[in-house]
Amino acid sequence: MTAVAAPNWTAIAQAFREALGREQVVERREELLVYECDGLTNHRQLPPLVVLPRSTEEVATAVRLCNQFNLSFVARGAGTGLSGGALPVEDSVLIVTARMRQILEIDYDNQRVRVQPGVINSWVTQATTGAGFFYAPDPSSQSVCSIGGNVAENSGGVHCLKHGVTNNHVLALTLVLPDASVIQVGGAIADLPGYDLCGIFVGSEGTLGIATEVTLRLQPLPQSVQVLLADFSSIEAAGAAVSGIIAAGILPAGLELMDNFSINAVEDVVKSDCYPRDAAAILLAELDGRASEVEQQIRDVEAVCRQHGARSIAIATDAEDRLRLWKGRKAAFAAVGRISPSYYVQDGVIPRSTLPFVLHEIEQLGQQHGYRVANVFHAGDGNLHPLILYDRNDPGALERVEALGGEILKLCVKVGGSISGEHGIGADKRCYMPAMFSSEDLETMQWLRHAFDPLERANPTKVFPTPRTCGERGSVINVPADVELY
């Protein structure tokens, strides 16, 4: 067998400096450490080289050089992803779009905006709210995460229940493909004929190429917004209220649930005095739309919550009070991080009807594995975010926590759900893809990937399981016959 020569990184770095400029190439070890992981810090890999392009042409140049030196590449935005999607790969170039931060065009007449991928999510709304518009997808990290990363992961957020996730708001993309060619997909209007190439690319996690310009759909600011906070003596009652609200034909902009552990964690940090510390769970519901419609719906939601045993209800109508009610939920991940040396967040989806059963099972799994689990999630669409608290310095803790996270994912699939709602698969959950997809399903996905990237140079080893990275992780989870799966 012929040995493959190791890349000559000195020569490679020199070629990138000559093509892009010295200030756009990072190669000193102490600077490379910044890029060794994304928001999932469990996995780390020092990249051999980082490049910082500023335009579509420079991204294409970087990809072309990767091909010239027979190297793979990994795209990275703000690095806030939670599944290891931007984790560097050995002997790969990290192409970081953080300097591509221009809002290129705002077209209010046609309700769209064109941006570079490094633009921060919240900047889009900040730039357009004065004209009466906003950008709907709002991950909890929206003040720091970038549009390019949102596109790669098909990010959601609090308001995705009514307004949709990233894929519902992307009209067009400029893409640099793995062969360094530049193409345009989508268009200025929705529902173009032909294959939905935008839909294929959004959520592809960097395995099909790099988005260098993104045209987003803007929405008019609603006439009225109200937020309701209800607290319950059991998490099962709160879950039943969620199902009751949806069953009543009400579609809130956001419908969020937090358990007692999370409530106390955020109150310790945020100190808003909004969330009753003795509540087993709180439910936050935001209604938006025409004033008369919102007035009726907020009364209907209140009635459903009381029907399911809500102890108390608070309603906020003005912007300051609404922000106060949401502040704790938006700070939940950070708050848990303040009380635990480490935490591991998972991201699964379940049918709403299985919520009480799944939460009970998560508690049981946590006890079996010896870890406390805090639950914060998008209850309206069943998108769970269990946070497993642990100490990284405890020998073997990371492996045990990852095993617990895997059991939670398999539980989600068992009840008819998914192993990801908005965080993506990345490096973290690739081994659990066979729990959800057959070998034929996975092979079909690879056909699509190879149509764009036959040599698998774009974000290799991510999303799909490989024998080298995945062992057999099977276990049996029994679901009672009386649990309604669909």
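Good morning. Helix axes are lines fitted to C-alpha atoms over the stretch in contact, and the angles between their N-to-C directions run from 0 to 180 degrees. Helices themselves are DSSP runs of H or I with at least four residues, numbered from the N terminus.

The model before you is predicted: local features need pLDDT of at least 70, side-chain atom pairs count only at pLDDT 80 or more, and totals for chains, interfaces and linings use all residues. Residues are numbered from 1 along each chain as its sequence is written, and side-chain values use heavy atoms, with hydrogens and water left out.

I begin with a pair of helices. The axes of α1 (residues 9–20) and α3 (residues 56–68) come within 11 Å and cross at roughly 155°. Because of this, α1 is roughly antiparallel to α3, a term for angles over 145 degrees. On the α1 side, A15, F16, A19 and L20 meet E58, T61, A62, L65 and C66 of α3; contact here means heavy atoms within 4.5 Å.

D428 is buried, that is, under 20% relative accessible area with a 1.4 Å probe, protein chains only. Which residues does D428 touch, not counting those up to four places away in sequence? They are L40, H43, S83, Y344 and Q346.

Does D428 lack or have a salt bridge? D428 has none, and the nearest side chain of opposite charge, K429, is 5.6 Å away. A salt bridge requires a side-chain nitrogen of Lys or Arg within 4 Å of a carboxyl oxygen of Asp or Glu; Lys and Arg count as positive, Asp and Glu as negative, and His and the chain ends are not counted.

Methods
Buried means under 20% relative accessible area, exposed over 50%, partly exposed in between (1.4 Å probe, protein chains only). Helices (H or I, at least four residues) and strands (E, at least two) are DSSP runs, numbered from the N terminus. Angles under 35 degrees count as roughly parallel, over 145 as roughly antiparallel, 65 to 115 as roughly perpendicular and the rest as oblique.
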